[in-house]
Structure formats: C-alpha cells, structure tokens
Amino acid sequence: VHCEEGLACITPPHGMGASGICQKPEVKPAQPAVVGEGQECKMTVAPEHQVHCEEGLACITPPHGMGASGICQKPEVKPAQPAVVGEGQECKMTVAPEHQVH
C-alpha cells in the first residue's frame, strides 16, 4: 500500500518491517553552508541562502560594501596602541611596543 502523492509513509523508529502512517514529510529548515578561509561568504541574504565561515574565521566585506559578499579570513588582530600620558607622568619607551607609555 502506497501513500498519496505528497505524503510519506512514516514508520516508528526502529520499526523495521512495521506499518507506517501516511503523513506530510517534515520539512527541516535549511542549514547555512559553511566555507573555509579564502572562500566567498554571504551573510546579508535570506537564511536559506547564507554562506557562513568556519569557526575562527570572519566574513570580511569590502569597505562600504553594504550587502556585498565577503571573503572568509582570520580576523585582523590590531596591535595595542601605546598609552599617551601628560607632563609629569611616567613614560616607558624601552619596552615592547604593546607596553610602551608615550
């Protein structure tokens, strides 16, 4: 016995050989695609069309590229800016740049 068109014969889990019930098949929401470094990503489209970057990567879009596709890249880590102090305060110039106080 077959189900009508558009229906699926849903059997109980682990019910090998058991009869099923004709039901509309469950539609699972589409999962976004995931791509690696250097590949195109799309974050500003409908969820079913999105393309995400692998964990640890960021979708970098061109400046002023609102809605544009991007490229998956490792996020840029900007070096810490040295602290700037005023007259009479302690300064340190002979240490690593991230620890300097100008």
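Biologist: Is Cys9 buried, partly exposed or exposed?

Modeller: First, this is a predicted model, in which local features need pLDDT of at least 70 and side-chain atom pairs count only at pLDDT 80 or more, while totals for chains, interfaces and linings use all residues. Residues are numbered from 1 along each chain as its sequence is written, and side-chain values use heavy atoms, with hydrogens and water left out. Buried means under 20% relative accessible area, exposed over 50%, and partly exposed in between, with a 1.4 Å probe and protein chains only. Cys9 has a relative accessibility of 46%, so Cys9 counts as partly exposed.

Biologist: Which residue is the disulfide partner of Cys3?

Modeller: Strands (E, at least two residues) and helices (H or I, at least four) are DSSP runs, numbered from the N terminus. The bond of Cys3 has an S to S distance of 2.1 Å and is left-handed, with -90° about the S-S bond. It links distant parts of the chain, from the segment before β1 to strand β2 (residues 21–23), 19 residues apart. The partner of Cys3 is Cys22.

Biologist: What is the C-alpha separation of Glu4 and Gln23?

Modeller: Glu4 is placed in the segment before β1 (8–10). With a relative accessible area of 62%, Glu4 is exposed. Glu4 and Gln23 are 19 residues apart along the chain, and their C-alpha atoms are separated by 9.4 Å.

Biologist: What is the strand order of the open sheet of 3 strands?

Modeller: Two strands pair if DSSP finds at least two bridges between them. In this sheet the pairing is antiparallel, and the order is β4-β7-β6. β4 (40–41) and β6 (58–60) each have a single partner strand, so one side of each is without a neighbour in the sheet. The strands at the edges are thus β4 and β6.

Biologist: Which strands hold Cys41 and Cys59?

Modeller: The disulfide of Cys41 and Cys59 has an S to S distance of 2.0 Å and is right-handed, with 95° about the S-S bond. Cys41 is buried because its relative accessible area is 0%, whereas Cys59, at 25%, counts as partly exposed. The pair ties together parts that are 18 residues apart in sequence, because the two cysteines lie in strands β4 and β6.

Biologist: Is Cys72 buried or exposed?

Modeller: Cys72 forms a disulfide with Cys53, the sulfur atoms being 2.1 Å apart. Cys53 lies in strand β5 (residues 51–53) and Cys72 in strand β7, so parts 19 residues apart in sequence are tied together. Cys53 has a relative accessible area of 16% and is buried. At 0% relative accessibility, Cys72 counts as buried.

Biologist: What is the pairing of the bonded cysteines in sequence order?

Modeller: A search of the whole structure finds 3 disulfides. When the bonded cysteines of the chain are numbered in sequence order, the pairing is 1-2, 3-5, 4-6.

Technical notes. Disulfide = S-S within 2.5 Å.
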